[in-house]
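Work through the exercises below with the sequence and the model open. Try each task before reading its solution.

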Amino acid sequence: MSDIDGRALAKAIRAEVSEAAAKLRGEGLAPTLAVLVPTDDEGTAWYVRSIKKAAEKEGVDCRIVQLEAPGRDEIVAALQELSADPAVHGIICQTPLPEGVTLGEVGWYISPYKDIDGANPESLGRLAQGRRTFAPATSAAVLELLKHEDLVLEGARAVVVGRSTVVGKPAALLLLNESATVTVCHSRTKDLAAVCREADVLVAAVGRAGMIGADFVRPGATVIDVGTNPTADGGLVGDVDYAAVAPVAGRITPVPGGVGPVTTALLLRHTVQAAELSRSHG
Ligand code: NAP
């Protein structure tokens, strides 16, 4: 078994971002990410600050737009304003959203050109059609990690546990677009462990600490753990029972240090790509 080092991959991606951002700046274009924050949740504030810090370190400007107790209309108005602002190239609408508001609903108001975290339903549609688009960064991180390992995805059996619009479904579509044979599991899947054991590539995106045990994993399989579950002592664990699965898996992403850092790096890469694209669509 070997760990897949998400931190090292993130560092390499961020070095590329830094170079591309410096080039754009040299041409008079400052790549800019805007993060709309419609909540005063402290955990979210910490995460958003970490994105800003990472962005600015690589030469990407980051504008945090904090909304105090907004409703749907205020969120939509803010997203429309950012979408129309030529100085903004990438937009994230941070969750959680206020009760009764869904990302699928307000995501429509993020310009697809600036939708660097794949929140606009149009982006998911384009992904389903295999067309060029920004996939949600976490799902893109899953694929980036697999490609970095030089895994042959064509014809491989991939099982994704979780069918959310932000992680499970786009990860499944990305794998399908690579010609993997993809099964998507969820809370109603019967005999989950047996289905998972068929996988050459197993992606866990559930949000249940340690639920994927050794009996879910075919010996030698590659396991990507998307789960981030807080522990009582302030730490973080994945959906995979790492200690039990690591001796069985061929390769495995740790939590923390796997999908998370690559996700942040890809948000920055997507922003720089969106800035580059802005020159052709005005
Ligand atoms: P979500 O919207 O709550 O979706 C969870 C999915 O897991 C659902 O499809 C659900 O099935 C399925 N599920 C729940 N219990 C299950 C069970 N016992 N057996 C099989 N499937 C089950 O969560 P999410 O937003 O996709 O996030 C998933 C995990 O990824 C969370 O831990 C989250 O914190 C983490 N995450 C990490 C990053 C990162 O950058 N590392 C980014 C985003 C999310 P149903 O559809 O049937 O309810």
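**Exercise 1.** Where is the place of proline 96, and which peptide bond joins threonine 95 and proline 96?

Step 1. Proline 96 sits in the loop between β4 (90–93) and α4 (103–106). Helices (H or I, at least four residues) and strands (E, at least two) are DSSP runs, numbered from the N terminus.
Step 2. The bond between threonine 95 and proline 96 is cis, with omega about 5 degrees.
Step 3. Most residues other than glycine have a negative phi, and most peptide bonds are trans.

This is a predicted model: local features need pLDDT of at least 70, side-chain atom pairs count only at pLDDT 80 or more, and totals for chains, interfaces and linings use all residues. Residues are numbered from 1 along each chain as its sequence is written, and side-chain values use heavy atoms, with hydrogens and water left out.

**Exercise 2.** Find the place of proline 256, then describe the backbone at aspartate 150.

Step 1. Look in the loop between β11 (251–252) and α10 for proline 256.
Step 2. Valine 255 and proline 256 are joined by a cis peptide bond, and omega is about 0 degrees.
Step 3. Aspartate 150 lies in the loop between α6 and β5 (157–161). Its phi is positive, about 60 degrees, although aspartate 150 is not a glycine.

**Exercise 3.** How do α1 and α10 lie relative to each other?

Step 1. The axes of α1 and helix α10 (residues 259–281) come within 8 Å and cross at roughly 20 degrees. Axes are lines fitted to C-alpha atoms, for helices over the stretch in contact, and angles run from 0 to 180 degrees between N-to-C directions.
Step 2. Angles under 35 degrees count as roughly parallel, over 145 as roughly antiparallel, 65 to 115 as roughly perpendicular and the rest as oblique. α1 and α10 are therefore roughly parallel to each other.

**Exercise 4.** At what angle does α6 pack against α1, and at what angle against α10?

Step 1. Helix α1 (residues 6–26) and helix α6 (residues 137–148) pack at about 100 degrees, their axes 11 Å apart. The two are therefore roughly perpendicular to each other.
Step 2. In α1, Gly6, Leu9 and Ile13 meet Glu144, Leu145 and His148 of α6.
Step 3. For α6 and α10 the angle is about 110 degrees and the axes are 8 Å apart. α6 and α10 are therefore roughly perpendicular to each other.

**Exercise 5.** How many residues surround the ligand, and which are the closest?

Step 1. The ligand is surrounded by 22 residues (a heavy atom within 4 Å).
Step 2. The closest are Thr138, Arg163, Ser164, Ser187 and Thr228.
Step 3. An oxygen atom of the ligand is 2.5 Å from an N or O atom in the side chain of serine 164. For serine 187, the corresponding distance from a ligand oxygen atom to a side-chain N or O atom is 2.6 Å.

Note on methods
Contact = heavy atoms within 4.5 Å. Polar contact = N/O pair within 3.5 Å; in protein donor to acceptor, adjacent residues only side chain to side chain.
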